[in-house]
Structures are given as C-alpha cells and as structure tokens.
Amino acid sequence: MTRTSLLFGPPGTGKTTYLLDQVDEAFKQGVSPEKVAFFAFTRKAAHEAKFRALSRFSMEENDLPWFRTLHSAAFSILNLSSSDVMQQEHLTDLGRSLGPFTFEHTYDEKIERVPSFGALGDIAMSLYSLSRSKQQSIETTWREVDDPRISLRDAKRFAEGLNQYKKELQVFDFSDFLDAVHEPLELDLLILDESQDLTRQQWAAARRLGARAKRVLIAGDDDQAIFEWAGADVRTFLSLKGNLTVLPVSHRLPRSVYDVAKRIVSRIRHRRPKEWGPRDADGSVIYADSTDHIDLKGEASWFLLSRLKEQQMHLRSMCRDQGVVYQYQGKWSNQTAPVRAVLAYEHLRGGGTVTARQGARVARYCPGCQAPSIASNYTTWEDFVWPFEGRPDWMTGLYGIGGEEREYIRRLRREGQSLTDPGKVTISTIHGVKGGEADNVVLLPDTNARVYDHHEKDSEHRVWYVGASRAREQLYIMRNRKRRFYHI
C-alpha cells in the first residue's frame with residue numbers, strides 16, 4: 001500500500017538536502033537505486049539533484065536511472081529515439097503545408113517549455129502545448145489566453161493539422177510523451193520535486209508511473225507557484241492529503257528580507273499556512289530612487305530582476321556603465337564575438353598562435369585584413385596580411401568593433417574584470433531565476449497594463465514573493481516612477 005507524505009520547502013530551507021536525506025535513508029534500509037525515482041520539474045533541477053546524489057552516494061551515472069524529469073522518464077520508458085520525435089524540419093514542412101505558420105524557435109525531444117512568443121507557428125505551437133498540458137480543448141485554451149496575435153480559426157487549424165501530420169508520419173512531439181506512458185514503475189520510493197509547477201498532464205502521468213510505489217514524497221511550495229500561465233496546476237498541489245512536513249528555517253533569508261517576503265505572501269488568499277523563520281542575520285532592504293548608486297563591483301553576486309523582458313535594457317546599461325561582466329538571456333557579456341576577437345588579437349600580437357576560426361574572428365573586426373585559410377590548423381601574426389604597419393594594440397587594430405562595444409571592453413579591463421570567466425551579475429526576469437539565489441537582489445516593480453490588471457491576483461503576489469526571496473544579504477527595491485507598479 002502506497003504511503004504518501006508532503007514536504008513544504010519555503011525559500012532557502014534546504015528542500016533538496018532533505019529529499020536526498022530521504023533517499024539516503026532508503027538506501028540504508030536496503031532499497032536498490034533503480035527502485036528510487038526523483039522526478040524534478042526542470043532538466044536543470046533534475047541534473048542538480050542527480051549530481052548531488054552521485055557525489056553524496058559515490059555512484060556512477062547509470063546507477064540512478066530515474067533521477068530525471070517526467071518528460072525524460074517517459075521518453076526513456078517508451079524507448080524513443082530522436083527519429084521518433086518531430087524535429088524542426090517536420091514543423092517547417094507542416095507550417096508550409098498549412099499556410100503562414102513559420103517558426104523562430106527550435107523544437108525537439110529536449111524542449112521543456114514551448115515559448116509563447118515568436119512567429120505565428122511558435123504561437124500556435126504554444127497554444128497547442130498548453131491545451132495538452134491543461135487537458136482541455138484548443139478553443140478553451142485560446143479563450144483563456146486571449147492572445148490577439150492568433151485567431152481561433154488558425155489555432156484550431158494548426159492543432160488539427162499537427163495531429164494529422166503526426167499520425168501520418170507516426171512520430172511524437174514533446175506533448176505526446178506523457179500521455180503515452182501507462183505502465184507503472186516498480187518503485188520503493190517516488191519523489192516529486194517542485195510539484196507546485198506540475199501541469200494536469202504531468203500529474204496524471206506521475207500517478208500512473210507511481211501507482212505501485214511503496215512510498216511517495218511530494219515536495220514543493222504553493223507560495224512559489226509562478227507558472228500557472230504555462231499550465232501549472234497548483235490547485236491539485238493544494239488539495240493533496242498526506243503526512244505534512246514544513247521545513248522550519250531558511251538558510252538564505254536574513255530577517256529584513258524575510259519580513260518583506262512575509263508581507264507579500266500574506267496577500268495570497270489561496271495557500272497553505274506555513275510556520276518558518278529566517279536565518280540569524282539582519283541583512284538589509286533598501287528602497288532606492290535610482291540604480292546610479294548601486295555598486296555591482298566586488299565579489300558579491302547579484303540578481304537584477306524585472307517582471308518584464310522589455311525592462312532589462314536599463315539593467316544592461318547599468319552593468320555596461322560600471323564595466324562589469326553580466327549574464328543576459330543565458331549568455332555572459334564577455335563571451336561575445338568582439339571580446340573573443342580582442343583576446344585572439346592580443347594573443348597573436350604577443351607572439352602566440354590561434355586557430356583558423358579565431359583568426360577569422362580577428363579579420364571580421366579588422367577591415368582590410370586578410371586571414372589565413374580556414375583549412376589551416378594554427379596561425380601566427382605573420383600568417384595574416386595586415387592593413388597597417390607594426391603591431392598596434394587592439395583598439396587600433398580592431399577598428400571594426402563598434403564604439404559602444406569598444407568602450408565596454410575598455411571598462412572591463414579598467415575594472416580588472418575577466419574577459420574569460422563568468423561574472424557575478426545576472427539580469428533576468430523573476431521567472432528566469434526561480435530556484436536560484438544571490439547575495440544581492442535588485443527588483444524593478446514596474447509592470448505594464450496587462451500585468452497590472454492582475455496585480456491583486458494570487459499568481460502575481462507569488463511572482464513578487466519569489467523575486468524578493470532570492471536575496472541572501474541585501475534586497476534593493478527601486479522606487480517606482482510610473483503609474484503601474486507592484487507595491488512591495
């Protein structure tokens with residue numbers, strides 16, 4: 001008989017450590033690793049849990065076959081390969097046959113969440129995927145999303161065309177994996193992590209896979225359920241029954257940040273009450289009128305967070321003006337082609353060798369320069385034809401680098417920032433750093449009209465709660481100068 005227990009882990013309370021303790025206890029009781037499943041919501045979370053487990057238990061990768069996402073587990077159980085799954089060329093072919101459905105994003109078996117932006121094909125695919133995850137009709141989903149970029153006629157025509165196309169070619173798309181698994185796994189322990197973010201489709205698949213599990217541990221935090229717009233079914237999570245454990249102390253939040261987080265969470269109407277507290281440190285919450293006096297330099301880590309992507313250009317300018325390395329849209333600012341060209345040029349100038357590909361990058365920013373053939377393995381300064389005499393510094397030699405980028409690279413060097421290593425600053429939406437933490441967090445509370453219309457809803461309170469609760473030391477809240485903002 002299955003025993004179900006619930007674990008609620010408020011921000012920074014060590015949920016993953018607790019879950020791995022349960023795995024450890026199972027191993028000590030003689031449970032074999034293949035009888036333990038640890039299903040996480042995202043591939044990143046699944047990889048982190050598996051990495052920590054392999055290190056802690058001194059195991060090899062194949063020893064923990066069920067530490068993965070539900071989609072990945074279904075893919076493995078069905079014994080699928082990439083040839084069984086719709087690839088980009090399939091969607092291009094489908095879009096061409098249906099009419100004006102083009103795609104800007106890449107789709108394959110590894111995708112986790114379909115982006116809701118892009119060309120008409122991307123938008124149609126997002127609606128289709130959302131309808132599948134919510135287990136409802138495409139028409140109902142279209143009416144809920146209320147996206148003016150696509151008509152109901154086009155949404156239905158795409159969904160019908162996609163279903164027919166898959167049937168004819170006998171291929172799956174990523175929405176099909178979970179519906180296709182029916183046989184339960186033989187498990188002694190099933191852990192579902194970040195369960196507040198599971199969709200109705202994922203809950204159904206988890207129930208089928210875990211039907212024979214001797215023990216089920218469902219972990220999450222309803223206050224951090226910020227993916228309802230992507231189909232997350234927090235109501236199911238809130239309705240669960242079982243022995244409940246709430247982790248009592250945050251190892252992340254100092255008292256001042258905790259107070260702000262608690263003030264936000266108190267606005268959520270539909271939630272489970274939880275008793276937990278901050279770590280023994282004061283920290284600080286600073287309301288600032290401008291980002292001009294926030295110093296990003298030093299060893300501390302930073303999250304610069306906005307509610308909307310379009311607000312991030314200001315944060316990007318802030319980093320560039322201060323001459324710090326930052327991560328934006330998943331890429332580090334010192335990993336751009338101009339920076340790499342500078343490094344290769346200076347290496348050549350100092351007598352070193354570079355690959356032909358690096359040499360081509362140098363030539364790209366040196367008008368009039370002739371680089372060696374790409375077939376060459378390694379090249380030296382003498383292998384190039386330069387449009388100048390001597391060996392000038394990169395600012396003279398690479399005059400094809402634009403003025404703004406040139407000045408930013410100069411600032412990086414003046415501030416002693418590495419041109420090769422990751423930095424300490426991340427620019428992101430709040431949704432993009434879910435599960436993460438930083439020493440210091442800057443929050444921009446501005447919203448647009450569409451988001452502001454929902455600013456008193458539980459879903460919006462949860463977003464700002466997640467944003468505020470990323471800070472380990474200092475939380476900066478920018479004072480709003482616009483009419484629409486979330487009051488923190």
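1. In this predicted model, the axes of helix H3 (residues 70-77) and helix H9 (residues 200-209) come within 11 Å of each other and cross at roughly 55°, where axes are lines fitted to C-alpha atoms, for helices over the stretch in contact, and angles run from 0 to 180 degrees between N-to-C directions. H3 and H9 are therefore oblique to each other, given that angles under 35 degrees count as roughly parallel, over 145 as roughly antiparallel, 65 to 115 as roughly perpendicular and the rest as oblique. The crossing of H3 and H9 is left-handed, a word used if the near helix is turned anticlockwise from the far one by less than a right angle, with right-handed used if clockwise. Leu70, His71 and Ile77 in H3 meet Gln202, Ala206 and Leu209 in H9, contact being heavy atoms within 4.5 Å.

2. On conventions, residues are numbered from 1 along each chain as its sequence is written, and side-chain values use heavy atoms, with hydrogens and water left out. Because the model is predicted, local features need pLDDT of at least 70 and side-chain atom pairs count only at pLDDT 80 or more, whereas totals for chains, interfaces and linings use all residues. Helices (H or I, at least four residues) and strands (E, at least two) are DSSP runs, numbered from the N terminus.

3. Leu178 belongs to helix H8 (residues 177-180), and with a relative accessibility of 0% Leu178 counts as buried (under 20% relative accessible area, with exposed over 50% and partly exposed in between, for a 1.4 Å probe and protein chains only). Neighbours within four places in sequence aside, Leu178 is in contact with Leu70, His71, Ala74, Gln201, Gln202, Ala205 and Arg208. The C-alpha atom of Leu178 is separated by 43 Å from that of Pro338, which is 160 residues apart along the chain.

4. For helix H6 (residues 138-145) and helix H7 (residues 152-169), the axes come within 10 Å and cross at roughly 140°, so this pair is oblique too, and the crossing of H6 and H7 is right-handed. The contact involves Ile138, Glu139, Trp142 and Arg143 of H6, together with Leu152, Ala155, Lys156 and Ala159 of H7.

5. Strand E8 (residues 302-306) runs parallel to strand E14 (residues 438-444), joined by 5 bridges, and Leu305 has Leu443 in E14 as its bridge partner.

6. In H11, the buried residues are Ser256, Val257, Tyr258, Val260, Ala261, Ile264 and Val265, and they pack against E7, helix H18 (458-468) and E15. Ser256, in H11 (residues 255-265), has a relative accessible area of 18%. Not counting residues up to four places away in sequence, Ser256 touches Asp282, Gly283, Ser284 and Val285, and a polar atom of the Ser256 side chain lies 3.0 Å from the backbone nitrogen of Ser284.

Conventions:
A polar contact is a pair of N or O atoms within 3.5 Å; within protein, one must be able to donate a hydrogen and the other to accept it, and residues adjacent in sequence count only if both atoms are side-chain atoms. Two strands pair if DSSP finds at least two bridges between them.
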